[in-house]
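Let's take a walk through the charged side chains of this protein. Keep the viewer open as you read.

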Amino acid sequence: MAVDKIVEPLKVGDRVQILNSGYRGGRIVEFCGPLGPGGARIYRVRVRRKPKPAYGEFREDQLAVISAPSLPNDLGRA
């Protein structure tokens, strides 16, 4: 999975990696607004953990979008 540089605001439902942590594949569940220092955008992220998922709030610069692997156009059909 490739990590893309952020060029537009993140959206609810985007899969993200939390930079400088061991967590990959978190999902944005809420946009909290420009509450960070200097108006930085804050997002609530859910990370899958057992027995219950964990939630945390992160600045936009602490997150990187994880792009899904692309499929070939013919989807493997002959």
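What follows is a tour of the salt bridges and then of a charged surface patch.

Keep in mind that this is a predicted model. How many salt bridges does a search of the whole structure find? It turns up four.

Start with arginine 41 and glutamate 60, whose side chains meet at 2.9 Å, N to O. Arginine 41 sits in the loop between strand 3 and strand 4, and glutamate 60 in the loop between strand 5 and strand 6, so this bridge ties together parts that are 19 residues apart in sequence. Is glutamate 60 buried or exposed? Glutamate 60 counts as buried, because its relative accessibility is 12% and the cut-off for buried is under 20%. Arginine 41, at 30%, is partly exposed.

Next, look at glutamate 57 and arginine 44, which form a salt bridge at 2.4 Å, N to O. Here the partners lie in strands: glutamate 57 is in strand 5 and arginine 44 in strand 4, so the pair links parts 13 residues apart in sequence. Both count as partly exposed, glutamate 57 at 43% and arginine 44 at 30%. There's a network here too: Glu30, Arg44 and Glu57 are linked by salt bridges.

Another bridge joins aspartate 61 to arginine 59, at 3.0 Å, N to O. Aspartate 61 is exposed, with a relative accessible area of 53%, while arginine 59 is partly exposed at 30%.

Now for the patch. Arg15, Arg24, Arg27, Arg48 and Lys50 gather on the surface as a patch of positive charge. One of them, arginine 24, lies in the loop between strand 2 and strand 3 and is partly exposed at 46%.

Notes: Residues numbered from 1 in each chain as written. Predicted model: local features only at pLDDT ≥ 70, side-chain atom pairs only at ≥ 80, totals over all residues. Heavy atoms only, no water. Patch = residues over 30% accessible without salt bridge, like charges linked within 9 Å, V, L, I, M, F, W, Y side chains within 5 Å. Areas by Shrake-Rupley, 256 points an atom, 1.4 Å probe, with all protein chains shown as cover. Lys, Arg positive; Asp, Glu negative; His and termini not counted. Charge placed at Lys NZ, Arg CZ, Asp CG, Glu CD. Helix = DSSP H or I, 4+ residues; strand = E, 2+ residues; numbered from the N terminus. Buried < 20%, exposed > 50% of the residue type's maximum accessible area, 1.4 Å probe, protein only.
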